[in-house]
Amino acid sequence: MRLQSQSHNDRVTVAFYLRHRSGARLFKVMCQCHLLLPKTSPFVAHTVLLNTAAHRISVPVFNKAENGQMGDIEANSASVPNDTWTAESCELYKRLTSDLLENGDWCEHKPSLYKGERRLFTKALVTEYPGKFFEYAFIFSRMEQRLQGVIQFGPYTQGPPGCVHGGASAAMMDSAIGVCVNRSFSHCVTASLSMNYKSFLPLGCTTLVESWVEKVEGRKIFASAELKSPDGKLTYVTANALFIQLEPQGKSSDVVDGMQKQWGKRD
């Protein structure tokens, strides 16, 4: 269940989004009520109290359903596609998973979304504003050092009227290349990213992203990516990036520790 307030006043309209544990949204219920939240951030509230004219309801907010303990609101990164995906996005996702996941070396990337007050940027608002920012799924091959995926840009990513902001597409290209590189190597960060915008990218359209490692020189990893129409005939954006593999000692050690938790250790 997700609570969405449309006002900061004492009396608010609250939307209840009831979801299956798979992440699929089933239906929405609206009601007028008084919303009482603890002084802490609503994202870490253990209990939300709803005062309606007839009832006082105590709603627990759970982590993953299987642990049964109250805690931070957490999205299920595996629940893609969801009901905000277009039919074209679902079809492309189905095609990619059917073609690639049959090969044992290809795996779906399932990132850790939330940790306390910290959120993965590209999925930071998937619970509050589903479908409004980025909806995507990545599939990677460590052996081939390649990635393919589906990206759908929501209406809150607009730049020019009706088109995706260049910074939004750059963020997703950096994310795709970053997953490709970090799933192939250990603890790498972006040193430079060069974007080439080929065509306007319409809001809400389905795109195919492909990324691959070009070459490796010591701790330098050079990689590229393309953002295209699902049939591959129209290229919207191309990108070239340089990633640096961090040393496990020295000033970068805290970053490396964090990346080990995010990506896992490499032998």
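Buried means under 20% relative accessible area, exposed means over 50%, and partly exposed lies in between (1.4 Å probe, protein chains only). By that rule, Y136 and F138 are both buried. This is a predicted model, in which local features need pLDDT of at least 70 and side-chain atom pairs count only at pLDDT 80 or more, while totals for chains, interfaces and linings use all residues. Residues are numbered from 1 along each chain as its sequence is written, and side-chain values use heavy atoms, with hydrogens and water left out.

**Overall make-up**

- The chain has three helices and 14 strands; helices (H or I, at least four residues) and strands (E, at least two) are DSSP runs, numbered from the N terminus.
- Of the 267 residues in the chain, 41% are buried.
- Among contacts with a separation of 6 or more, 56% are between residues 24 or more positions apart; contact means heavy atoms within 4.5 Å.

**The seven-stranded sheet**

- Strands of a sheet pair through backbone hydrogen bonds, either parallel or antiparallel.
- Here an open sheet of seven strands has antiparallel pairing and the order β6-β9-β10-β12-β13-β14-β11; two strands pair if DSSP finds at least two bridges between them.
- Its edge strands are β6 (106-108) and β11 (188-197), each of which pairs on one side only.
- From one strand to the next, the twist averages 20°.
- β9 and β10 are antiparallel and share eight bridges, and F140 has L147 in β10 as its bridge partner.
- β10 is largely enclosed by the rest of the structure, because seven of its eight residues are buried.
- β11 and β14 run antiparallel and are joined by nine bridges; N196 has T238 in β14 as its bridge partner.

**Helices against the sheet**

- Helix α1 (residues 87-100) lies across β6, β9 (134-141), β10 (146-153) and β12 (206-217), and runs at about 170° to β10.
- Helix α2 (residues 166-182) packs on the sheet and touches β9, β10, β11, β12, β13 and β14, with its direction at about 135° to that of β11.
- For these angles, axes are lines fitted to C-alpha atoms, for helices over the stretch in contact, and angles run from 0 to 180 degrees between N-to-C directions.

**Aromatic rings and charges**

- A search of the whole structure finds seven aromatic pairs; rings of Phe, Tyr and Trp (its six-membered ring) pair if their centres lie within 6.5 Å, and planes under 30 degrees apart count as stacked, over 60 as edge-to-face and the rest as tilted.
- Y136 and F138 form a tilted pair, with 4.8 Å centre to centre and 40° between the planes.
- F121, F134 and F153 make up one aromatic cluster.
- K123 lies over the face of Y136, 4.3 Å from the ring centre; a charge sits over a ring if NZ of Lys or CZ of Arg is within 6 Å of the ring centre and within 35 degrees of the ring normal.
- K215 has its charged end over the ring of F222, at 4.9 Å from the centre.

- F133 is in the loop between β8 (118-119) and β9, and is partly exposed at a relative accessible area of 27%.
- Although F133 and G154 are 21 residues apart along the chain, their C-alpha atoms are separated by 4.5 Å.
- Apart from neighbours within four places in sequence, F133 is in contact with L125, Q152, F153, G154, Y156 and T157.
- S229 is in the loop between β13 (220-228) and β14 (235-245), and is buried, with a relative accessible area of 8%.
- Not counting residues up to four places away in sequence, S229 touches L208, L234 and Y236.

**Cysteines**

- A disulfide is a covalent bond between the sulfur atoms of two cysteines.
- A search of the whole structure finds zero disulfides, with the cut-off being a pair of cysteine sulfur atoms within 2.5 Å.
- C107 is partly exposed, with a relative accessible area of 35%, whereas C188 is buried at 3%.
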